[in-house]
Amino acid sequence: MTEEAILQTREPGWAMITLNRPDRLNAFNRAMHGALADALAALDADESCRAVLLTGAGRGFCAGQDLSDLDAGDGPPDLGDTIERFYNPLIRRLRGMTKPVVCAVNGIAAGAGANVALACDIVLAARSAKFVQAFSKIGLVPDSGGTWFLPRLVGDARARALMLLAEPVTAEQAEGWGMIWRAVDDAALLAEARALTVRLAAMPTQGLALTRQALTQSGANTLDAQLDLERDFQRQAGRTPDYAEGVRAFLEKRSPMFTGRKA
Ligand code: T3D
């Protein structure tokens, strides 16, 4: 029987996806791409799921593209086609999700695996984990949004050196450089990531979605455009039941009970 390329666990209000090709350090083949795309699309559409946790099985998070999964055709492969069909839709999906995505980097995150992690909203990494922009070692260009995310997170000097030299970054360095949210003890990673996901799942989901969109769009906007966007998004947030509940709960001096519903 073939192993499933991803595992999925549903919990009340949230879901966990585990990349599940541990013998290949969870490198992407087509089956894993397909299963992950289907799972994310279904969770995105499911209003009862208000946060998602992504992690990897075994000792790695994800080693990027499975380098043994090559097209058998004549001549050089068209890697642009792989990017167009699989990696770009994955990154667009992660960034466009209507709920936050937490990434628990349990071990090495290399190549596209590193950049998939960086595309998530909040990244926790086990202290033993490392991030490697492995592309230059095999003559490739960083993909999966890496050339967009990394300089914004760590600055141009560090991004350039990391991408040209393919030097590994430890979880603690990544935290110190602002590349990820937090490095945690290996044994505590999953419990901390689950607790964070549970916490996000109980928050005002629509407001969080608008906040995530505003942050993504700020990269390309002028201050003026961003001020307009904040006005428009605040107008939308102010019409959600969770805003009404948040204010009511504050005035009544009790904890809010958010539903995440649009109306
Ligand atoms: O379509 C396209 O190609 C375009 C898209 C490209 C996107 C990309 O992600 S390109 C970058 C691809 N990834 C890499 O270049 C990373 C390759 N892997 C490594 O450099 C190392 O494996 C690691 C630094 C990630 C980890 O090293 P280490 O020493 O901890 O583990 P290992 O022994 O190298 O790997 C363990 C097993 O996983 C091993 O198999 P074996 O010998 O036990 O049967 C190894 O071959 C396998 N593995 C690791 N990474 C990949 C892989 N198999 C296939 N593809 C991989 N990417």
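**Close-up 1. Asparagine 26, a buried loop residue.** Asparagine 26 has 0% relative accessibility, so it counts as buried (under 20% relative accessible area, with a 1.4 Å probe and protein chains only). Asparagine 26 sits in the loop between β2 (14-19) and α1 (30-45); helices here are DSSP runs of H or I with at least four residues, strands are runs of E with at least two, and both are numbered from the N terminus. Its phi is positive, about 60 degrees, even though asparagine 26 isn't a glycine. A word on the source: this is a predicted model, where local features need pLDDT of at least 70, side-chain atom pairs count only at pLDDT 80 or more, and totals for chains, interfaces and linings use all residues. Residues are numbered from 1 along each chain as its sequence is written, and side-chain values use heavy atoms, with hydrogens and water left out.

**Close-up 2. Alanine 166, another non-glycine with positive phi.** For alanine 166, phi comes out at about 55 degrees. Look for alanine 166 in the loop between α5 (156-165) and β9 (169-170). With 4% relative accessibility, alanine 166 counts as buried.

**Close-up 3. Valine 105 and the largest nonpolar core.** A nonpolar core is a set of buried Ala, Val, Leu, Ile, Met, Phe, Trp, Tyr and Cys residues joined through side-chain atoms within 4.5 Å. The largest one has 64 residues, and Ile17, Leu36, Phe61, Val105 and Phe131 touch the most other members. Leaving out residues up to four places away in sequence, valine 105 touches Phe61, Ala117, Val123, Leu124, Ala125, Ala126, Ala129, Phe131 and Leu189; contact means heavy atoms within 4.5 Å.

**Close-up 4. A separate core of five residues.** In soluble globular proteins, nonpolar side chains tend to be buried together.

**Context for the close-ups: the whole chain.** The protein has ten helices and ten strands, and 43% of its 263 residues count as buried. Along the principal axes, the C-alpha trace spans about 65 × 50 × 35 Å. Take the contacts with a separation of 6 or more: 67% of them join residues 24 or more positions apart. The accessible surface (Shrake-Rupley method, 1.4 Å probe) is about 13,900 Å², and 55% of that belongs to carbon and sulfur atoms.

Key:
Buried < 20%, exposed > 50% of the residue type's maximum accessible area, 1.4 Å probe, protein only.
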